[in-house]
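Open the model in your viewer and keep the selection tool at hand. Each stop tells you what to select and what is there.

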Amino acid sequence: MMGAEKAELGMEELELEEGGGSPSPSPMTAAGKMQALDFEHIGSLAAVAESLSTGSKWRRALTSVRVVILQAKINVLLPFGPLAVMLHYLSANHQGWVFLFSLIGITPLAERLGYATEQLALYTGPTIGGLLNATFGNATEMIISLYALKNGMIRVVQQSLLGSILSNMLLVLGCAFFAGGLVHPSRDQVFNKASAVVNSGLLLMAVLGLMFPAVLHFTHSEVQYGKSEVSLSRFSSCIMLVAYASYLFFQLKSQRSLYSPIGEQEEEVTEDEEEEKEITQGEAICWLFVLTIWISILSGYLVDAIQGASESLNMPVAFISVILLPIVGNAAEHASAIMFAMKDKLDITLGVAIGSSTQISMFVIPFCVVIGWIMGQQMDLNFQLFETATLFITVLVVAFMLQEGTSNYFKGLMLILCYLIVAASFFVHVDPDSTGDNK
């Protein structure tokens, strides 16, 4: 037995010598080395993927800048915005030029805002797309109104917001119908009539809220003169805010089918729109915020230059506030509504133009009344009889234009001509409170 054990030991030593003097690796040791190599390989691949991802993000950002900023020829007017800002601080005697440069500088920004909203609408659908465009388009008016309200310029707030409603309903919608009719002259363009009727009803409710404080004031039938109309305005504003919130719920949640595009347009929203997506949804949202902020900044300088522009152009401040200033503030809606109408997307056009008017009358104006209440300002819904009557007639005219659910270039021409009559009326109108900004 001892001889056999020694023979086995001798054979093992001989095998060790032939194998290099070391024992063969165990299966566990080989598996551990392979696992370590796999981890190193995976780590190197993750590092390469991360670097490629960072590079692709930069390339995507540069592509987005090229598409949004450098692609449109109208962007050659962008330098006028910084020029207006510099001229504002360099000299106080050139407010007329500041007004003009700000006006020109906002134009390309408004066009790009409409483009970014159109790209976002491809992802969200026409209903939410129109609502987003109305919201971002009205951000300028809201910022200007809060700025003026803080400084006690109540009549400027009232006139600019009224002018925004009139501009959206007559000029913006009229130009959109006119341009769409010229591009599609052989047929009437069709839109969702149910949505237009609901918006018309909300606008009539807004006229109701503005009319009673004015009538109460001018008939001298208040319980407490000067106080009852303010109290009524604050109560009505709260009711209007509740009505607008209910409208949003009704539009986006409860009765979405009522606001869906008509069947013909749903069939057209196919592969063609997929090809139109030039920027991602996140990029569109980022550009909307960036462009809105820059437009708001230029609008602030525009407001500061109103008085100087009034003296330079020999125009009353009321005319600038009601007619010229809203045209600038509604430049975003103007550009995008025309683009959508030319592409036969009337549902988005209505959401932009009429939806913007509804949002100003049912949200922005009551919101300013509530904010003025918090600030201690006597902001109310008494827009004076002339302004209230103008709004009432405008709502009626537009409601009759929309009741058939069709549009053509002749309807657009009539709306534009109506706006010219309104503009001429305000040019010869003397504001009862023109002696001061406060009521």
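**Before you start**

This is a predicted model, in which local features need pLDDT of at least 70, side-chain atom pairs count only at pLDDT 80 or more, and totals for chains, interfaces and linings use all residues. Residues are numbered from 1 along each chain as its sequence is written, and side-chain values use heavy atoms, with hydrogens and water left out.

**Stop 1: helix α7**

Select residues 193–218, which form helix α7. Helices here are DSSP runs of H or I with at least four residues, strands are runs of E with at least two, and the numbering starts from the N terminus. How far apart are the end C-alpha atoms of α7? They are 37 Å apart, which agrees with the 38 Å that 26 residues should span at 1.5 Å a residue. The expected span is 1.5 Å times one less than the number of residues.

Now go to the start of α7. A side-chain oxygen of Asn 192 comes within 3.1 Å of the backbone nitrogen of Ala 194. A polar contact is a pair of N or O atoms within 3.5 Å; within protein, one must be able to donate a hydrogen and the other to accept it, and residues adjacent in sequence count only if both atoms are side-chain atoms.

Next, select Asn 199, also in helix α7. A polar atom of the Asn 199 side chain lies 2.8 Å from the backbone oxygen of Ser 195. Asn 199 counts as buried, at 5% relative accessibility. Buried means under 20% relative accessible area, exposed over 50%, and partly exposed in between (1.4 Å probe, protein chains only).

Past α7, select His 220. Its phi is positive, near 55°.

**Stop 2: salt bridges**

How many salt bridges does a search of the whole structure find? The search finds 3. A salt bridge is a side-chain nitrogen of Lys or Arg within 4 Å of a carboxyl oxygen of Asp or Glu.

Select Arg 155 and Glu 387. Their closest N and O atoms are 3.0 Å apart. Arg 155 is in helix α6 and Glu 387 in helix α16, 232 residues apart. Both residues are buried.

Select Arg 187 and Asp 344. Here the closest N and O atoms are 2.6 Å apart. Arg 187 lies in the loop between α6 and β1, and Asp 344 in the loop between α14 and α15, so the pair ties together parts 157 residues apart in sequence. Arg 187 is partly exposed at 39%, while Asp 344 is buried at 11%.

Select Glu 404 and Lys 411. Their salt bridge spans 3.4 Å, N to O. Is Glu 404 buried or exposed? Glu 404 is exposed, with a relative accessible area of 54%. Lys 411 is buried, at 9%.

**Stop 3: Ala 341**

Select Ala 341, in helix α14. Ala 341 is buried at 0%.

**Stop 4: cysteines**

Select Cys 175, buried at 18%. Then select Cys 368, buried at 0%. With a disulfide taken as a pair of cysteine sulfur atoms within 2.5 Å, the count comes to 0.

**Stop 5: a nonpolar patch**

Select Leu 182, Tyr 409, Phe 410, Leu 413, Leu 417 and Leu 420, which make a nonpolar patch of about 580 Å². Areas come from the Shrake-Rupley method with a 1.4 Å probe; for residues, only the protein chains shown count as cover. Patch residues have over 30% relative accessible area and no salt bridge; like charges are joined within 9 Å, and nonpolar side chains (Val, Leu, Ile, Met, Phe, Trp, Tyr) within 5 Å. Helix α17 gives the largest share, 5 residues.
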